[in-house]
Amino acid sequence: MVVRLLGLRPEDKRPTAVAFGTLVAMLVAHSMLETTRDALFLEKLPPEQLPFAYLAIAALALIVSKVNALATARFSRRKLLSLCLLGGGIITAAFYQLLDAPSALTLGALYVWTGTLATVVVVQFWLLLGDVFDVVQAKRVFGIIGAAGLLGATLGSGLAATILVWLGSPRPLVLVSGFFFVCAALVPLGLPRRPQDSEPRRASRPKASHGKSALQLMRNDAYLQRLFVAILIAAVLVTGVDYIFKVQVVAHKASVLAATGEIWDLGSFFAKYYAVVNGISLIVQLFVAPWLMRTVGVNRALLILPGLLLIGSVGFIVALGLVPALLLKGADGAMRHSVHRISSEILFLPLPKHVRERFKGFAAAMGQRGGQALASVIILGAAALHAESKHIAIALVVLSVAWVFSLLGLQPLYLELFRTQLRDGAIDTELDVPDLDLASFEALVSALSSEQDVEVIAALSMFEGYGKTNLVPALILYHPSKEVVLRAFEMFARSERADVRRLTGRLLKHDDPAIRAAALRVVTSMKADGEVLRQAMADEDPGVRCTALAGMVGAGLIDDDEASEELREMMGGSSFTRLELARALRYLPPDRFAWVGVELATTVEPGLGDAVSQSIIKSPHPKYLQTLLGLLTDREARDAARQAFIAIGEPALRFLEEQLADKSLPGVVRRHLPRTISRFAGEDASQVLLAALPRETDERVLFKILRGLGRQRAHNPDGAIDREQLLDVARNTLRRAITALHWRLVIERVCGKPGETLDADEARDARSTAGDLLVSLLRDSEELAVQRLFRLMHIIEPTQEFRIIYDGLRSQDKKTQASSRELVSHVVPPALRDGILAIVDDVSDQARLRAAAEAFHDPEDREHLDRLILLLREDKLDEGGRVELDKAYAKMLQKMLRDPSDALRSIAGYHVAELGWSDLRSEIYRARDETSDVFGDVAESAIDLLDLNPVVSHAG
């Protein structure tokens, strides 16, 4: 129960409990040690000595970081943390004897030891958790674990205050804290050993980086650089805050002594103050931090602490004294160890393990302790210049602003880490063709001399693709292969080269009629020669004659009526003649002879549709629009037909827009319209697809519209779109995914999952083949809805690479899934974010549905059906309950019968017929009338089945 309330999952329980116990013990010990340190140090030494202690901590931290790096290579992270805690406990307990008669050196050593120990064990602890949890788990459990630290700190402060009341001396606190460190050393050994997930290969960090130092890693990594700067500034700032706080405490003690003669007990004060601050921090961690992480995200949550310190520093400048200092230090204590700690630790998780290990220790030593040393130097300099606390507070204001700016630049770099992880595991299918360099050119020219015809043809295609046909030698027309020569003629058809024309003229007398016809087309394309055409009209091959005839019609060398008669005669000839006529169609004036292309396009023969489309590309005209529409169903001719639509231009786009809106058009045609429209350049095509998006009900056409829009947005990400319209469609799509999940779970639990064997009483009458089909169909419907949702996100935000995010969510690798979820939480519009995260979560279907219902959309009757089905499965449903379940189940099927999907309507209708619920007959009739193709036959069969065994469903 508690685990569910905390939002934990079964796999989280053990590591979270162990980490919780470890941190509680650590922070109880450290809080008591810190209270002892501050009380004894400030009782015996002036606060002006604090900067020297800070410097000593920083220097020792550097040495410790080096030792830690060597130890990491010898021990596992788990054992290393235990050894550090055990050693820390023993050394801390040893200080108990040294404090019997403390000297300045002993007090300084205690202060330095306390700070150094905290650096070592805290860094080791969070590095270990970084190995155990991925980023998605971290968002669930780090808040709870962070609360453990605050609980430990609060308990430690309270325990310190109690001991001080009983014994009146802070010295025993050292012994007690040593005991807790020893206890904490035993707990991490209980953390489960997680199998190492394979890390995606990172192009920006090659394998060679494993041997690089932290400085070398930082040199070429903007994320590490900015993160280090933020850590450094933060360390300088909080050290300054700590110094001002302690100076004001000592000053207040002196003023109390001067005014009343009473000695203010610093040990008791620090214990109580830290207990209050830690208690507030615990409340923030438990009740505020989860809400902040969920609503504003990691990067924005990081801005809260510097913002509060900025306000507190300004307040201290305005009203100097103990109270502003207490508030300033309180803001630091309440937020730094709660919201800020969790957010900061998550920033390290997207880094590869070897980078995280090297950089985090370096950041703790050089960033945190280095910042503390830098702050110490600044404070010492200020003291030498006789600066006051007010002047230091002004510096804190400047540092707070600098910290905010350093954090603002982290978010895009943080998200890019996840994109890189996902991108490195994906295949980019939209590659640009590289420039044709000298080596490539030489390879292509060499391929033209190949003995393999396929290599020569491929080389010609590449020359054409690069727009370098002028570099192909005209002598290729004398190649011994007929296929190569015909491909070369096709390529040269748009050429004005004199050498091509000269060689082509010689090929007009080639033995092969196909080559003669191709040569004649090239000659006619360059410049129609009446004499050449008349000679070709006497050719023995009808294919050559029809090419010549088309050329003469185009040149106005023959009467239209005579030409029409001869064209009809040729169209009744052989398939080769018709194919040659289709290739020569480009020379016939479309305004008078478009009928030739129309009739040829309706003749079902191999290659004929493609040849007609290729000719229309050369001679585009709106009269061919209806012909091209039919050719879209011809797989061989489809691509050329699309190019022909584009060649016709604006009239073609308007024609396609009308056809897409025509729901009576056969689905086999409509499915090819979106991609055809998307081939048009400019924003007009996008607007056509956008306008069709909300009104489209055919899922196959809808999918094609999204693909077309996605392709256009990928090539023109700055184009204008109606963002709100797309968001509305996305909301409806997400609702559909959630509803499909709800319907599937209801059918599974009432009828049983496909392949599941249930008792007769458990399965009831609802067990059916159609029920099994509905389960499978609804699972596919949910998956397709999610896929459409991510395509919509790509259209809305084309720069966010939603394709690789979607692929990452489907990955079997947990870290890849976690990276994708983290990106979703940042780049998806807030109105959809929680709903999408719920529906794609890697938990049970029931848990996904509950989360989606709470976050975005609660399907109608969900809780009511859940309650009835639970009673049914537990065999506690009476007759009245069964009637109630029938009504709710029938109501759900009625909604399916009104769904836009033809498949869902028809199969739901058949399921109703299997159940024999005759009172839904009118709904099945309506579904049949609205359904086409094969699904209409399914609905018709459902009506026939219903007539055999009609019963009442109690739905009315």
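**Exercise 1. Contacts of Leu 410**

Task: In this predicted model, which residues does Leu 410 touch, not counting residues up to four places away in sequence?

Solution: 
- Step 1. Leave out residues up to four places away in sequence.
- Step 2. List what remains: Leu 410 touches Tyr 223, Arg 226, Leu 227, Asn 299 and Leu 347.
- Step 3. Take one of these partners, Leu 347. Leu 347 and Leu 410 are 63 residues apart in sequence. In space, their C-alpha atoms are 9.1 Å apart.

**Exercise 2. Setting of Leu 410**

Task: Where does Leu 410 lie, and is Leu 410 buried or exposed?

Solution: 
- Step 1. Find the element: Leu 410 is in helix H17, which covers residues 410-423.
- Step 2. Read the relative accessibility of Leu 410: 0%.
- Step 3. Apply the cut-off: buried means under 20%. Leu 410 therefore counts as buried.

**Exercise 3. A nonpolar patch**

Task: Which residues make the nonpolar surface patch of about 260 Å²?

Solution: 
- Step 1. Name the members: Leu 60, Ile 63 and Val 67.
- Step 2. Check exposure. The cut-off for exposed is over 50%. Ile 63 has 54% relative accessibility, so Ile 63 counts as exposed.

**Exercise 4. A negative patch**

Task: Which residues form the negative surface patch that includes Glu 569?

Solution: 
- Step 1. Name the members: Asp 559, Asp 561, Glu 562, Glu 565 and Glu 569.
- Step 2. Check exposure. Glu 569 has a relative accessible area of 62%, so Glu 569 is exposed.

Terms used:
Residues numbered from 1 in each chain as written. Predicted model: local features only at pLDDT ≥ 70, side-chain atom pairs only at ≥ 80, totals over all residues. Heavy atoms only, no water. Patch = residues over 30% accessible without salt bridge, like charges linked within 9 Å, V, L, I, M, F, W, Y side chains within 5 Å. Areas by Shrake-Rupley, 256 points an atom, 1.4 Å probe, with all protein chains shown as cover. Salt bridge = Lys/Arg side-chain N within 4 Å of Asp/Glu carboxyl O. Lys, Arg positive; Asp, Glu negative; His and termini not counted. Charge placed at Lys NZ, Arg CZ, Asp CG, Glu CD. Buried < 20%, exposed > 50% of the residue type's maximum accessible area, 1.4 Å probe, protein only. Helix = DSSP H or I, 4+ residues; strand = E, 2+ residues; numbered from the N terminus. Contact = heavy atoms within 4.5 Å.
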